[in-house]
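Subject: Structure handover

Hello,

Here is the structure we talked about.

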Amino acid sequence: MAGGSRGCVTLRGSQFQELLDAKHNVLFDCDGVIWNGETAVTGAPEVVRLLKQRGKRVFFVTNNCTRPRENYVQKFSRLGFTEVAEEEIFSSAYCSAAYLRDVAKVQGKVYVIACSGVIKELQDAGVPVVEEVGDEEPGTTIYNCPLDPDVKAVLVGYDENFTFMKLAKASCYLMNSDVLFLATDPDPWHPLRGGRITPGSGSLTAALETASSRKATVIGKPSRFMFECIASQFDLDPARSLMVGDRLETDILFGSNCGLSTMLTLTGVSTMEEAQKYKDSESLERKDCVPDYVVESIADFLEALEE
């Protein structure tokens with residue numbers, strides 16, 4: 001859909017029904033859409049259940065790379081989502097592993113700056129990862145630490161244990177232009193309780209981009225690869241698919257990049273005011289971040305689904 005025709009439309013009863021009739025696939029972001037922390041968004045489990053009952057295909061597309069897919073299944077179950085299967089979950093960690101194995105076909109090891117969720121997905125995909133050894137020795141610095149000659153890719157994700165040494169090692173590996181430079185996702189920060197934030201993968205990637213004078217290939221939203229990853233497994237038609245998210249610059253832009261209809265839900269990061277600001281902008285790039293539709297919460301689906 002062309003940027004200019006996007007409209008922040010607030011859906012009412014019959015319009016919601018018409019939209020659902022036209023769509024066969026619904027893609028949901030997780031954080032801020034399906035749940036906030038350890039609390040399901042009110043009505044979300046019911047929405048997912050009813051969509052499936054109606055014969056819709058439901059997928060979960062998240063830039064959160066902190067846990068492997070099997071742990072996501074456990075979280076869905078814990079929060080009252082009874083019918084979510086592992087193959088319906090597409091995280092930036094899983095898609096990064098799929099990209100390295102199936103697209104890049106990397107012949108060597110990957111140096112990873114990320115959490116255990118990313119490493120588990122890489123191992124499950126059979127992608128070799130550099131084992132960190134030697135850094136604990138007293139006096140180890142970037143001048144004398146071991147570097148693995150088999151590294152063929154550097155992957156950056158969310159890492160609460162990010163250090164100067166990791167940044168320095170990754171920079172050294174990326175001096176070789178044949179070494180791939182990938183990022184799980186571009187999220188700059190994530191909201192925490194009490195008004196605090198935590199830096200996201202995008203901020204760590206920016207540090208490494210500066211240090212290496214290179215640009216990372218981003219795997220997660222808003223990159224098209226995540227949709228291609230789903231489409232290759234489930235044969236998705238973009239015209240019959242709806243992307244529902246809470247972040248304009250990732251979820252909505254992702255939908256726009258992939259030719260999907262887009263819906264902003266106001267239970268997460270972005271606000272109606274921000275969406276309106278993008279809509280009023282003269283910039284075509286900004287207009288790609290304007291959602292087709294806006295709902296207060298995905299609980300707004302219930303009225304149309306319960307009829």
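Where does Cys8 lie? Cys8 is in the segment before strand 1 (9-10). Strands (E, at least two residues) and helices (H or I, at least four) are DSSP runs, numbered from the N terminus.

Before the rest, some ground rules. This is a predicted model, with local features requiring pLDDT of at least 70 and side-chain atom pairs pLDDT 80 or more, while totals for chains, interfaces and linings use all residues. Numbering starts from 1 along each chain as its sequence is written, and side-chain values use heavy atoms, without hydrogens or water.

Backbone

Cys8 is not a glycine, yet its phi is positive, about 50 degrees. Cys8 is buried, at 6% relative accessible area. Asp235 also is a non-glycine with a positive phi, about 55 degrees. Asp235 sits in the loop between helix 8 and strand 13 (241-245). Asp235 is exposed, with a relative accessible area of 66%. (Buried is under 20%, exposed over 50%, partly exposed in between, using a 1.4 Å probe and protein chains only.) Lys221 and Pro222 are joined by a cis peptide bond, with omega about 10 degrees. Pro222 is in the loop between strand 12 (217-218) and helix 8.

Cores

The largest nonpolar core has 37 residues. A core here is a set of buried Ala, Val, Leu, Ile, Met, Phe, Trp, Tyr and Cys residues joined through side-chain atoms within 4.5 Å. Leu27, Cys95, Leu100, Val110, Val118, Leu122 and Phe254 touch the most other members. Helix 4 gives the most to this core, seven residues. Leu27 touches, among others, Phe59, Val61, Phe227 and Phe254, leaving out residues up to four places away in sequence. Contact means heavy atoms within 4.5 Å.

Pocket

The largest pocket holds about 880 Å³ of space. A pocket is an open set of points on a 1 Å grid over the protein atoms alone, where a 1.4 Å probe fits, with protein on both sides within 12 Å along at least five of seven lines. The volume is the space filled by probe spheres set on the points. There are 32 lining residues, each with an atom within 4 Å of a point. Closest to the centre are Asp31, Gly37, Asn64, His190 and Pro191. Strand 10 (189-191) gives the largest share of the lining, three residues. The lining divides into six nonpolar, 13 polar and 13 charged residues, with Gly counted as polar.

Best wishes
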